[in-house]
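Here is a short briefing on one protein model. Have the sequence and the 3D view open as you read.

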Amino acid sequence: MSNKILYLIRHGKAEDHSFLKRDYERNLVEKGINRSQIVAQKIKKQLSKEEILIVSSSANRALQTAEVFGEIVEYSKSEIQQESSIYEAYYTEILKVINKVDNKANTVFIFGHNPGLSDLTNYLCNSYIDLKTSHAAKIILPEGFNFSEVSGSTCQLEGVITE
């Protein structure tokens, strides 16, 4: 049995903050889409066709990043689970989402925001990373672990996938 894998992915580069649009509604810019496609292609080469689950913050830029990845890894847009609690979440809130994942899933993608995702990676893996936009932390769960058992210092950071 192979170990389960968790990808924590920061949304791609988005529109600048402005008074015309709420932060939640900011969209990806072309550079964000392109970089996300490159990172998704790299991940696709490592994927096995086992059970994949994609969960995304419901903020525009995170959901759009999840859709870019979904297209590349052949995951239906309609299957992406939107989770509003990931938006502006403290890392423990994101962990609660991960802990609820069904045991059938072997590979889980979480799309969200900093500082929550970087903090969560560092909490799970005893690492010191800071995820840039579009970058993905690849985290390996201990052998025999389900996502419900993931907690502080239990996982291994295999690396950060960048464009």
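The model is predicted: local features need pLDDT of at least 70, side-chain atom pairs count only at pLDDT 80 or more, and totals for chains, interfaces and linings use all residues. Residues are numbered from 1 along each chain as its sequence is written, and side-chain values use heavy atoms, with hydrogens and water left out. Helices (H or I, at least four residues) and strands (E, at least two) are DSSP runs, numbered from the N terminus.

**The buried face of α3**

- Helix α3 spans residues 91-99, and Tyr 91, Ile 94, Leu 95, Val 97 and Ile 98 are buried there.
- These buried residues fall within an arc of 155 degrees seen down the axis of α3, so they line one face of the helix.
- The arc is taken from the directions from the helix axis to the C-beta atoms.
- Buried means under 20% relative accessible area, exposed over 50%, and partly exposed in between (1.4 Å probe, protein chains only).

**Thr 107 in β4**

- Thr 107 sits in strand β4.
- Thr 107 is buried, at 6% relative accessible area.
- Beyond its neighbours within four places in sequence, Thr 107 is in contact (heavy atoms within 4.5 Å) with Ile 5, Tyr 7, Leu 47, Glu 51, Ile 52 and Leu 53.

**Ser 134 in a loop**

- Ser 134 belongs to the loop between α4 and β5 (136-140).
- Its relative accessible area is 0%, so Ser 134 is buried.
- The side chains of Ser 134 and Ser 36 make a polar contact of 3.2 Å.
- A polar contact is a pair of N or O atoms within 3.5 Å; within protein, one must be able to donate a hydrogen and the other to accept it, and residues adjacent in sequence count only if both atoms are side-chain atoms.
- Not counting residues up to four places away in sequence, Ser 134 touches residues including His 11, Gly 12, Lys 13 and Arg 35.

**Lys 44 in α1**

- Lys 44 lies in helix α1.
- Lys 44 is partly exposed, at 31% relative accessibility.
- Lys 44 and Glu 74 are 30 residues apart in sequence, yet 9.2 Å apart in space, C-alpha to C-alpha.
- Leaving aside neighbours within four places in sequence, Lys 44 is in contact with Ile 72, Val 73 and Glu 74.
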